[in-house]
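I opened the notebook to log what I looked up in this structure. Which spots did I check, and what turned up?

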Amino acid sequence: KPILIKPNYINSRHPSTGITTDSRVIEGVVKFLKERNIEDISIGEGSGFGDTFQAFKVAGVDAVAERYGVQLIDLNNDEFIEVNPPDPLSLKKVKVSKTALESTIISVPKLKPHRIAMVTLSLKNMMGALASKGTMHAGLSLNENIADLASVVKPSISVIDGIIAGEGHETSGNPVEMNLVIAGTDPVAVDAVGATVMG
């Protein structure tokens, strides 16, 4: 399958704010793949607030993509396919980016807390591949919805950017220097470590 690197660009704030994924972590992942002769690589995100390509530019991901010959994709403009999570806790159906469904996903979120879900790490990061992010927050079932989403679009590798982590909530812009990257092939374990690191 093609590789989709999925960072977290909820908005177009610079990674130094503790809100968005650092381009150095993206570059590290791309370099790792290229050294293993993997060529079918794209970096894709569907920003929740604002222009995805502007977010790529502010973070410096456009330069990484150009340097390594990697495609940038605004998942908000992708074709979407409606899928039904098996045995759902809460989420009966969801429209997911076709690119995400057809790719091996490397989730590269920021290490930061979230107002509703407590943390926003590699599993919640998959919400950027949805046609409508807002529907996931409906009611009091966001955590159940994230678990259901993981049954249809789950990262194969998770690489949490904790170089400059975020404090407060997902868009508070309260940076904390951690100089940390947490990675693994089990997104639940990776996210659990990230949550533990944040206390």
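This is a predicted model: local features need pLDDT of at least 70, side-chain atom pairs count only at pLDDT 80 or more; totals for chains, interfaces and linings use all residues.

**Entry 1: the charged pairs**

R36 has a relative accessible area of 45%, so I put it down as partly exposed. R36 makes a salt bridge with E35, and the closest N and O atoms are 3.8 Å apart. How exposed is E35? E35 has a relative accessible area of 52%, so it goes down as exposed; the cut-off for that is over 50%.

I then looked up how many salt bridges the structure holds, and the count is eight. As a reminder to myself, side chains of opposite charge can pair when their charged atoms come close.

K98 is partly exposed at 28% relative accessible area. E79 is partly exposed too, with 48% relative accessibility.

Buried or exposed, I asked of D161? At 0% relative accessibility D161 counts as buried. K110 is likewise at 0% and counts as buried.

**Entry 2: the sheet**

I traced the strand order next. The sheet is open, has six strands with mixed pairing, and reads β3-β2-β1-β6-β9-β10. Which are the edge strands? They are β3 and β10 (174-184), each of which pairs on one side only. Direction ignored, neighbouring strands here are turned by 20° against each other on average.

I zoomed in on β2 and β3, which run parallel and are joined by four bridges. In that pairing, G44 has I73 in β3 as its bridge partner.

Not counting residues up to four places away in sequence, S42 touches I3, L4, I5, V70, Q71 and I73.

I also looked at what α1 does here. α1 lies across β1 (3-7), β2, β6 (104-108), β9 (157-167) and β10, and it runs at about 165° to β1.

**Entry 3: helix α3**

Which residues of α3 (residues 61-68) are buried? I found V61, V64 and A65. These cover an arc of only 100° around the axis, which is why they end up on the same side of α3.

I followed the buried residues of α3 to their partners: they pack against α1 (23-35), β2 (41-45), α2 (52-59) and β3 (71-74). After α3 comes G69, with a positive phi near 65°.

**Entry 4: F53**

F53 lies in helix α2. I put F53 down as partly exposed because its relative accessibility is 41%. What does F53 contact, leaving aside neighbours within four places in sequence? L72, I73 and D74. I checked the C-alpha atoms of F53 and I73: they are separated by 8.3 Å, while the two residues are 20 residues apart along the chain.

**Entry 5: positive phi without glycine**

I flagged N37, which is not a glycine but has a positive phi of about 60°. N37 is in the loop between α1 and β2, and with a relative accessible area of 65% it is exposed.

D87 went on the list as well: its phi is near 45°, a positive value in a residue other than glycine. D87 is in the loop between β4 (80-83) and β5 (94-97). Its relative accessible area is 75%, so I noted D87 as exposed.

Technical notes:
Residues are numbered from 1 along each chain as its sequence is written. Side-chain values use heavy atoms; hydrogens and water are left out. Buried means under 20% relative accessible area, exposed over 50%, partly exposed in between (1.4 Å probe, protein chains only). Helices (H or I, at least four residues) and strands (E, at least two) are DSSP runs, numbered from the N terminus. The arc is that of the directions from the helix axis to the C-beta atoms. Contact means heavy atoms within 4.5 Å. Two strands pair if DSSP finds at least two bridges between them. Axes are lines fitted to C-alpha atoms, for helices over the stretch in contact, and angles run from 0 to 180 degrees between N-to-C directions. A salt bridge is a side-chain nitrogen of Lys or Arg within 4 Å of a carboxyl oxygen of Asp or Glu.
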